[in-house]
Amino acid sequence: MSAMFKYPFILYLFLIILFSGCDKNDEYRIPVTTVRIEFRSSALWSQYGVHAFPDYQKFILNKIPNKEFYNVSSATGYGGVLLVCGYSNQLYAYDLTCPVERDPSVRIDIDEETYHAYCPQCKSTFDVFEGTGSPLSGTAREHKYMLRSYQVGIANGLYYITN
């Protein structure tokens, strides 16, 4: 008799490992595109940054917050960038494009009553203030489509967002 049948817990463990990998969220529906947002001074961070929960700011190249904010090396991803200050005052950034729609002109927004991001087109909602970008409802949840996340960092006292 094989060891697999002598020790049924090995079979159960194998099945758990095999099937637990099938329940993952998909963060890769939005194409990889360059993100480079620099707050070139503390004054720019004070004006356009996020400082406490539930602050958020959108960045769309040469449009939002304004054309003068960007420089020649700036890039705002596929559909723009959403920067949020989470529940624990951590900084998180996501592509504004809804992963269900995959159209850079269909952008998520923030519901200021629930503090969830939502797509006005497909009505899916997402967790953005806990740093996951996970789908909470709608088609995005059914298919496990997450928001694409970006990194927020600080160097020499200045903030930046990149991928």
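Biologist: Is arginine 36 buried, partly exposed or exposed, and how do I read that?

Modeller: Look at relative accessibility: buried means under 20%, exposed over 50%, and partly exposed lies in between. In this predicted model, arginine 36 comes out at 38%, so it counts as partly exposed.

Biologist: Okay, and which residue does arginine 36 form a salt bridge with?

Modeller: For a salt bridge, you check whether a side-chain nitrogen of Lys or Arg is within 4 Å of a carboxyl oxygen of Asp or Glu. Arginine 36 pairs with glutamate 38, and their closest N and O atoms are 2.6 Å apart. Glutamate 38 is partly exposed too, with a relative accessible area of 23%.

Biologist: How many salt bridges does a search of the whole structure find?

Modeller: Two. In the other one, the side chain of aspartate 109 meets that of lysine 58, at 2.9 Å from N to O. That pair links distant parts of the chain: aspartate 109 sits in strand β6 and lysine 58 in strand β2 (residues 56-59), 51 residues apart. Aspartate 109 has 25% relative accessibility, so it is partly exposed.

Biologist: You mentioned β6. What is the strand order in the open sheet of four strands?

Modeller: First the general idea: strands of a sheet pair through backbone hydrogen bonds, either parallel or antiparallel. Here the order is β6-β7-β8-β9, and the pairing is antiparallel. At the edges stand β6 (109-111) and β9 (135-137); each has a single partner strand, so one side of each is left without a neighbour in the sheet.

Biologist: Where can I look at one pairing up close, say β8 with β9?

Modeller: Go to residues 125-126, which make up β8; this strand pairs with β9 over two bridges, in the antiparallel sense. There you'll find threonine 125 opposite serine 137 of β9.

Biologist: Now the inside. How many residues does the largest nonpolar core have?

Modeller: Think of a core as buried nonpolar residues joined through their side chains. The largest one here has 20 residues, and among those with the most contacts inside it are Leu82, Val84, Tyr94 and Phe126. A second, separate core has 16 residues, including Leu44 and Cys85.

Biologist: What does valine 84 touch?

Modeller: Leaving out residues up to four places away in sequence, its contacts include Val50, Tyr56, Leu91, Tyr94 and Val128.

Biologist: And how much of the whole chain is buried?

Modeller: Of its 163 residues, 36% count as buried. The chain has four helices and eleven strands, if you'd like to trace them yourself.

Key: Residues numbered from 1 in each chain as written. Predicted model: local features only at pLDDT ≥ 70, side-chain atom pairs only at ≥ 80, totals over all residues. Heavy atoms only, no water. Buried < 20%, exposed > 50% of the residue type's maximum accessible area, 1.4 Å probe, protein only. Pairing = 2+ DSSP bridges. Core = buried A, V, L, I, M, F, W, Y, C linked by side-chain atoms within 4.5 Å. Contact = heavy atoms within 4.5 Å.
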